[in-house]
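The structure comes first, and the notes follow by topic.

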Amino acid sequence: MIAASTLALTACGGDKEKDKNEGSAGNTKDSAATVELPELNGEEVQVAAVWTGPEQENFTKVLTEFEKRTGAKVTFVPAQDPIVNFLGTKIAGGSPPDVAMLPQVGALQQAVERKWAKPVDAATRAQLDKNYSQGWKDIGAVDGKQYGVYFKAANKSLIWYNAQAFEDAGAQEPKTWKDFLSTAETISASGVTPVSVGGADGWTLTDWFENIYLSQAGPEKYDQLAQHEIKWTDPSVKDALTTLAELFGRKELIAGGQDGALQTEFPASVTQTFADEPKAAMVFEGDFVAINIAQTKAKIGTDAKVFPFPAVGDESPVVTGGDAAVALKDSKGAKALLTFLASTDAAEIWARAGGFVSPNKALDVAAYPNDVQRDIAKALIAAGDDFRFDMSDQAPQSFGGTPGKGEWKALQDFLKNPKDIAGTQQRLESDAAKAYKS
């Protein structure tokens with residue numbers, strides 16, 4: 001795990017700088033490109049991803065630069081979760097995209113098992129060897145063969161907070177879970193609801209659980225549960241759910257109470273925390289929260305600050321996630337795009353736009369738009385191979401990555417009724433056993 005000290009983010013400042021202009025990256029990079037790309041004049045490349053809004057817009061800037069460099073025409077194909085089902089329909093219809101951005105390790109593994117994914121070529125491997133640690137290469141590989149390029153990473157162990165709400169309440173940044181609950185009570189007493197939860201999106205709830213579980217049960221148990229080597233009825237899961245219920249079981253600490261949280265989608269959970277009249281003082285999620293904060297008037301590092309997820313056990317947890325580019329065709333365009341996405345050139349474009357962190361260790365952190373994001377990126381790279389990947393993203397998608405099913409649904413039911421710990425464990429284990437075919 002990344003030590004909490006490497007995420008000393010609270011003193012960070014710096015306003016979010018605006019991207020200079022869409023063409024600037026291409027104009028400066030033509031003379032200083034770090035990767036050679038083939039000429040692809042007239043070749044069409046389709047890229048499927050679940051990104052929408054600002055994420056889609058920023059990724060499109062990367063694709064536009066690829067077009068400038070190669071002469072290819074790139075089309076963004078909006079996909080739906082679960083993306084494996086979406087891709088299955090496309091493939092069955094004879095029209096798969098050239099490249100898919102897969103947001104779960106489990107989805108990548110399924111794509112390989114179903115013989116959809118194509119191994120990376122020598123040019124992409126060269127960029128990966130040059131720019132990525134072994135750990136990030138390993139999670140993009142299946143049975144020792146490289147298929148995925150992790151272009152976008154995430155530190156999913158951060159609590160973002162409204163600085164004014166903290167100041168008004170006289171609250172301090174907590175270091176431990178016990179302190180976190182005390183801080184929440186202090187803020188509640190000041191007249192502001194302390195925590196915003198985007199419970200309408202079940203994946204946010206899996207992140208809550210995973211951070212608590214990693215800190216409380218430790219990395220060895222975390223790995224075992226991620227592979228379903230221990231059951232969800234294990235006492236360690238009971239302990240983590242009991243801890244999570246200390247927050248979820250107190251409706252006065254959650255914006256809108258449990259019912260309100262279940263109707264709040266992730267983007268709204270962020271924007272309502274940093275609105276002119278905030279509905280909450282804190283919101284939990286990864287570095288990508290910066291994208292949603294940018295939709296408000298709040299400035300990162302000044303109005304919106306951040307601290308590491310509080311330690312439940314001996315250390316604060318750090319859970320990472322990411323999106324892997326995988327080729328579904330052996331086309332020149334697909335291969336070249338993966339090579340580009342593995343380069344620092346591509347990573348720099350989105351890094352400058354904000355709301356992004358790259359596992360590319362060769363990327364100059366000066367590319368990030370503010371000190372908060374620079375420190376998040378430094379901590380991710382400093383971890384080297386010593387990190388834990390999002391547990392639900394490692395699971396079969398039917399369990400860990402499908403709206404209204406599996407872990408997402410079980411934890412939404414738990415948010416609605418946090419007293420039902422044993423029942424939640426039974427449902428989780430039943431669904432996991434089916435998904436893992438165990």
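**Charge pairs and overall form**

Glu-185 counts as partly exposed, because its relative accessibility is 36%. The model that holds this residue is predicted. Glu-185 pairs in a salt bridge with Arg-250, and their closest N and O atoms are 2.7 Å apart. Glu-185 sits in helix α8 (residues 177-189) and Arg-250 in the loop between α11 (235-248) and α12 (257-262), so this pair ties together parts that are 65 residues apart in sequence. Arg-250 is likewise partly exposed, at 28% relative accessibility.

**Overall form**

- The protein contains 21 helices and twelve strands.
- Its radius of gyration is 21 Å, which agrees with the value near 22 Å that a compact globule of 438 residues would have.
- Along the principal axes, the C-alpha atoms fill a box of roughly 65 × 50 × 35 Å.
- Of the contacts between residues at least 6 apart in sequence, 78% join residues at least 24 apart.

**Burial and surface**

- Of the 438 residues, 59% are buried.
- The protein exposes about 17200 Å², and carbon and sulfur atoms supply 46% of that area.

**Charge**

- Side chains of opposite charge can pair when their charged atoms come close.
- The count of salt bridges comes to 16.

- Lys-156 forms a salt bridge with Asp-390, with 2.8 Å between the closest N and O atoms.
- Lys-156 lies in the loop between β6 (148-155) and β7 (158-162), and Asp-390 in the loop between β12 (388-389) and α18 (391-394), so the pair ties together parts that are 234 residues apart in sequence.
- Lys-156 counts as buried because its relative accessibility is 9%, under the 20% cut-off.
- Asp-390 is also buried, with a relative accessible area of 0%.

**A salt bridge within one helix**

- Asp-413 forms a salt bridge with Lys-409, the closest N and O atoms being 2.9 Å apart.
- Both residues belong to helix α20 (residues 406-416); they are four residues apart there, so about one helical turn separates them.
- Asp-413 is partly exposed, with a relative accessible area of 25%.
- Lys-409 is partly exposed too, at 34% relative accessibility.

How values were computed: Residues are numbered from 1 along each chain as its sequence is written. This is a predicted model: local features need pLDDT of at least 70, side-chain atom pairs count only at pLDDT 80 or more; totals for chains, interfaces and linings use all residues. Side-chain values use heavy atoms; hydrogens and water are left out. Helices (H or I, at least four residues) and strands (E, at least two) are DSSP runs, numbered from the N terminus. The radius of gyration is taken over C-alpha atoms; the globule rule is 2.2 Å times the number of residues to the power 0.38. Buried means under 20% relative accessible area, exposed over 50%, partly exposed in between (1.4 Å probe, protein chains only). Contact means heavy atoms within 4.5 Å. Accessible areas come from the Shrake-Rupley method with a 1.4 Å probe; for residues, only the protein chains shown count as cover. A salt bridge is a side-chain nitrogen of Lys or Arg within 4 Å of a carboxyl oxygen of Asp or Glu.
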